[in-house]
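Biologist: Could you walk me through this model, starting with the sheet?

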Amino acid sequence: MLNSRHLRKRKSANVIRVNPLPRSWNEGCDDGFTFVNLFLRFTVSTLMALTRLVQRDFRPELMDQSEMPRAEHERALHGLRRLNFASGVAGQLWRQITSHSGVTSGRRLRLLDVACGGGDVAANIWKRAQRQGIAVDIVGLDCSSTACEQAFKQGRAAGASMKVICTDAVRSPLPSGFDVVTSSLFLHHLSRPDAVTLLAKMGGAGRLLVVSDLRRSAIGYVIAHAACRLVTRSPIVHYDGPQSVANAFSISEVAELCDEAGLSTAIVRRAWPWRLIITRYKE
């Protein structure tokens, strides 16, 4: 509402002149939580998405920077936990695991989670397995010491059998002999050659490979732009969310990556919301 400071009467013309809205009003819109601001962001994002996403627009994300302040990194990981919960990624991965591995109650699985981040996805997979009477021993890998510490805390809080190793999954050898190898929201962080390298290494680390990642699309870009602002106030997530979609591969591009990685039997399919899932079972 405009107050008397913003309405000034010009005596000579006997008309009312409305001054520009105060700076504080514009700043109030920047938090992304007003209807007007969200509508404007949605419109601009749609126009940008239509022009940007025809081809992959690969750029580094803020969370990939090693010099990121610890507090900001932890805040971003908390925001990602909310996004992972909202998208139901743990449930998607678990359904693929149960349908392709043939695991039944009373059995034990060894699971490797590559680029485990804050460990929430792996911990939620463990919880789902427990409810079905399936024991899962999890090894999580991540190159960030902050992420590894958060993953360890997540596993401990859940009571999960979870070991966390701080290592670069692309540059270093992966442990092998696992029943299942999973990865979520990591492939789009990589260049095409590194993505091929990682897929080949994960394919050799276990019998069943299940990878969930973003699928590049204009709608996905716009939804990421809005959703990241609704679930968290982390500026890192606000930038990285839409950029992640721009960095993502299409389904046909991922199929090509799998072929180049020697995973010709891999199946790539669409998943909700605007994601894709790679599954490959090795006899």
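Modeller: Gladly, and one term comes before the rest: two strands pair if DSSP finds at least two bridges between them. Helices (H or I, at least four residues) and strands (E, at least two) are DSSP runs, numbered from the N terminus. This is a predicted model, in which local features need pLDDT of at least 70 and side-chain atom pairs count only at pLDDT 80 or more, while totals for chains, interfaces and linings use all residues. Residues are numbered from 1 along each chain as its sequence is written, and side-chain values use heavy atoms, with hydrogens and water left out.

Biologist: OK, so what is the order of the strands in the open sheet?

Modeller: The open sheet has 7 strands in the order β5-β4-β3-β6-β7-β9-β8, and their pairing is mixed. At its edges are β5 (161-166) and β8 (267-271), each of which pairs on one side only. On average, neighbouring strands of this sheet are turned by 20 degrees against each other, with direction ignored.

Biologist: Do β3 and β6 run parallel or antiparallel?

Modeller: Strand β3, residues 108-114, pairs with strand β6, residues 178-184, in the parallel sense, and 4 bridges link the two. As one example, L112 has V181 in β6 as its bridge partner.

Biologist: And which way do β8 and β9 run?

Modeller: β8 and β9 run antiparallel and are joined by 5 bridges, and R269 stands opposite I277 in β9. The two strands form a hairpin with 3 residues between them, and in that turn W274 has a positive phi of about 55 degrees.

Biologist: Which strands does helix α7 lie across?

Modeller: Helix α7, residues 192-205, lies across β3, β6, β7 (206-214) and β9 (275-281), where contact means heavy atoms within 4.5 Å. The helix runs at about 145 degrees to β7; such angles go from 0 to 180 degrees between N-to-C directions, and the axes are lines fitted to C-alpha atoms, for helices over the stretch in contact.

Biologist: New topic, where is K153?

Modeller: K153 sits in helix α6, which covers residues 145-158.

Biologist: How exposed is K153, and why do you class it that way?

Modeller: K153 is called partly exposed because its relative accessible area is 42%, and that class lies between buried (under 20%) and exposed (over 50%), with a 1.4 Å probe and protein chains only.

Biologist: What separation do the C-alpha atoms of K153 and G118 have?

Modeller: Those C-alpha atoms are separated by 8.6 Å, although K153 and G118 are 35 residues apart along the chain.
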